[in-house]
Amino acid sequence: MHYDRLKRMGCGILTAFLFFSVFSGVSFPVFAAPASTEEALADAEERKSLPIQSNQIENWPAGPAIGAQSAILMDANTGVILYAKNIDERLYPASTTKLMTCILAAENSALNETVTFSHDAVFSIELGSSNIGMDENEAMPMEECLYGILVASANEVANAVAEHVAGSMDAFADKMNEKAAELGCKNTHFVNAHGLYDDDHYTSAYDLALIAKEFFQNELLSKIGNTPSHHFEATDDQPDDFIKRNKHSLITGEIPYDGIKGGKTGYTDEARQTLVTCAEQNGMKLICVVLKEESPEQFYDTVKLFDYGFTNFSVVNVAENETNYSIRNSNFFHTSSDVFGNSNPILSLNRDSYLIMPKTTVFDELDSEISYDTEEENEVAIINYYYHGAYVGTATVDLADEKSVTYDFSENVPEEETLAQKEPNVIIVNIKIILIAVLTIAALLIAFFIIRSVIDHHNFLYHRRTIKKRRKIIRKSRKDGPHFPSSGFDDFHF
């Protein structure tokens, strides 16, 4: 592989450097060596005594003491935090940075796009850091690059993808920071796409969980991020054929655990071991982030936290338990009676809204807070739920769906008939429209009767005036003409 050439070059450069340092008398700054294994383990043991914020919530299940400096367990769908330890502390993420790199790659490119490796992409990484031996001017499809980043944690591949997506590595770092802010990260700043140490390259357990939450919503990235090993086949643009194995022991099965959905490892001397993992059991999809731990405890910390989450918490459907905002018991949702008798509700609790609650808690113990600040098209309000101040989930109040039922009258329609039997016909009555229509019709009727009355009254007066005129003419003609004895019929005209 081409990396062998780089290694030989690196050894030569290092030898020359040491020779020059020893015999020239020139001094260079030397970084302190990493702590010994004993010192590192002692530090990890000391970190177990650090406070766990989630344990301070009243009646919240007590979480395990772990050797990581910072850790979080978050539900991937609701964002509910089950376990929290120093979750806002700024720490170095190492290669877990690559989750963000792949999010941006997936958003801004197609899988079949060709990524060409520049000189800077290949040679700007630290000698000996994770790579797959790509050489300058070689190329791979974007899909293979994603495998190179997530399975092999290849730093030169992350660089090449950054240049391909944004034009330069610095411009890509700007995109990373913009995306982090968009996701709600408050303690994150990226300066590169791979995660190698830089004093200004940091994140927090909470922010990294938000990034992972976005990552695991992408099915393709989740699939690639859950790959134990990948075979990189030789092509015209990349002549080497090799297999790379994932270093994540929960993904490879070296440490068995049910329901693993993927993750990413990371390590630098400054960051120590970092790990992001996703697992799904019992209807819960949990994300675990562990920062600054010692190997192999980052994996066992993750197992402890997953066990804690899946054992002590459960999914609770809001619509099946909520009574304070019940459609039947509250005028908040009810349309009142309409012209058809009992109207179907205009508003309803979203049937898919659910909470993540401690198993020892009942729904009635929760506090709720309703907000009308929503810009979603069919949402009227949002109800946030809390347990002793800890957020446990959200339900939405939605406009009832107006579903039109179509029928196929052909002979061969067993599937449609089954659907029609399962889903009863629903008539949604919009009271507002009905009231407007009724008032409009009433106004028109009133106007009609008023006009009709005016016309009738006018005709009556006209008729009376006509009769009076005729009588006056008759009387006048009698005075002017021959006189006839009164017959009693003078006032009548035959």
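This is a predicted model: local features need pLDDT of at least 70, side-chain atom pairs count only at pLDDT 80 or more; totals for chains, interfaces and linings use all residues.
Residues are numbered from 1 along each chain as its sequence is written. Local features need pLDDT of at least 70 and side-chain atom pairs 80 or more, while totals for chains, interfaces and linings use all residues, and side-chain values use heavy atoms, leaving out hydrogens and water.

Student: Is Glu46 buried or exposed?
Tutor: Let's start with where it is: Glu46 belongs to helix α2, residues 37-47, helices being DSSP runs (H or I) of at least four residues. Buried means under 20% relative accessible area, exposed over 50%, and partly exposed in between (1.4 Å probe, protein chains only). Glu46 has 57% relative accessibility, so it counts as exposed.

Student: Which side chain of opposite charge is nearest to Glu163?
Tutor: Glu163 sits in helix α6, residues 155-166. Glu163 is buried yet has no salt bridge, meaning a side-chain nitrogen of Lys or Arg within 4 Å of a carboxyl oxygen of Asp or Glu. Here Lys and Arg count as positive, Asp and Glu as negative, with His and the chain ends not counted. At 15 Å away, the nearest side chain of opposite charge is Lys175.

Student: How far apart in space are Tyr386 and Glu365, C-alpha to C-alpha?
Tutor: Look at strand β16, residues 379-387, for Tyr386; strands are DSSP runs (E) of at least two residues. In sequence, Tyr386 and Glu365 are 21 residues apart. In space, C-alpha to C-alpha, the gap between Tyr386 and Glu365 is 9.0 Å.
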